Amino acid sequence: MNALTLADADPVSTVLAWLQEHPEAAEALGGPGRVSGIQEAPWPHLRVSPGAGGDLRDLRWGITPEVTLEAYGDPGGWPGQAELRRILLRCATATLELAEQPRRPGRPVVSDVRPSGLLLWSPLVDGQPRWLMNLAVTLHP
């Protein structure tokens with residue numbers, strides 16, 4: 001196994017693709033097309049991005065990097081704090097199912113997904129509501 005193969009086991013694109021197709025995420029967010037890698041309308045919206053931590057082990061096979069899930073509400077303040085938290089937790093719970101999926105050729109194998117750290121209320125400077133959390137995603141090519 002070389003490092004290039006391991007580098008192709010990208011947790012962000014794996015989680016992003018999973019949540020974009022997941023009916024629970026679409027239902028929680030109010031419809032399809034509300035999961036991406038950037039902060040954008042329509043609101044509420046879920047952003048999937050690289051997390052700050054994780055465990056790269058020896059870079060030979062399996063790694064456990066973090067993926068950050070950020071649930072954004074409308075800049076006007078809706079949905080409320082409690083509802084936006086509920087949306088984020090529903091999407092995080094849907095992500096846990098990745099570890100139960102059979103191997104798909106050409107895609108990384110996810111063997112575990114678990115919360116790492118806190119669920120954090122962190123509105124933006126302009127007041128736009130946002131909750132965020134990290135998930136540790138154990139995967140290999």
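## Ser-116 and its partner

The side chain of Ser-116 makes a polar contact with the side chain of Glu-66, at 2.6 Å. A polar contact is a pair of N or O atoms within 3.5 Å; within protein, one must be able to donate a hydrogen and the other to accept it, and residues adjacent in sequence count only if both atoms are side-chain atoms. This is a predicted model: local features need pLDDT of at least 70, side-chain atom pairs count only at pLDDT 80 or more, and totals for chains, interfaces and linings use all residues. Residues are numbered from 1 along each chain as its sequence is written, and side-chain values use heavy atoms, with hydrogens and water left out.

Where does Ser-116 lie? It sits in the loop between E4 and strand E5 (120-121). Helices (H or I, at least four residues) and strands (E, at least two) are DSSP runs, numbered from the N terminus. Ser-116 counts as buried because its relative accessible area is 18%. Buried means under 20% (1.4 Å probe, protein chains only). Ser-116 touches Glu-66, Asn-134, Leu-135 and Ala-136, leaving aside residues up to four places away in sequence. Contact here means heavy atoms within 4.5 Å.

## Helix H2

Helix H2 (11-21) is mostly covered. Of its 11 residues, 8 are buried. Among them are Val-15, Trp-18 and Leu-19. Asp-10 caps the N-terminal end of H2. A side-chain oxygen of Asp-10 lies 3.2 Å from the backbone nitrogen of Val-12.

## The nonpolar core

The largest nonpolar core has 31 residues. Such a core is a set of buried Ala, Val, Leu, Ile, Met, Phe, Trp, Tyr and Cys residues joined through side-chain atoms within 4.5 Å. Those with the most contacts inside it include Val-15, Leu-19 and Val-137. Elements that each supply at least two residues include H2, helix H4 (81-96) and strand E6 (130-140). H4 gives the most, with 6 residues.

Val-137 touches Pro-11 and Val-15, among others, not counting residues up to four places away in sequence.

## The largest pocket

How much space lies in the largest pocket? About 200 Å³. Its lining has 13 residues. Thr-14, Leu-98, Arg-104, Arg-107 and Pro-108 lie nearest its centre. H2 supplies the largest share of the lining, 4 residues.

A pocket is found on a 1 Å grid over the protein atoms alone: an open set of points where a 1.4 Å probe fits, with protein on both sides within 12 Å along at least five of seven lines. Lining residues have an atom within 4 Å of a point.

Notes: Buried means under 20% relative accessible area, exposed over 50%, partly exposed in between (1.4 Å probe, protein chains only). Grid points are joined across faces, edges and corners, and a volume is the space filled by probe spheres set on the points.
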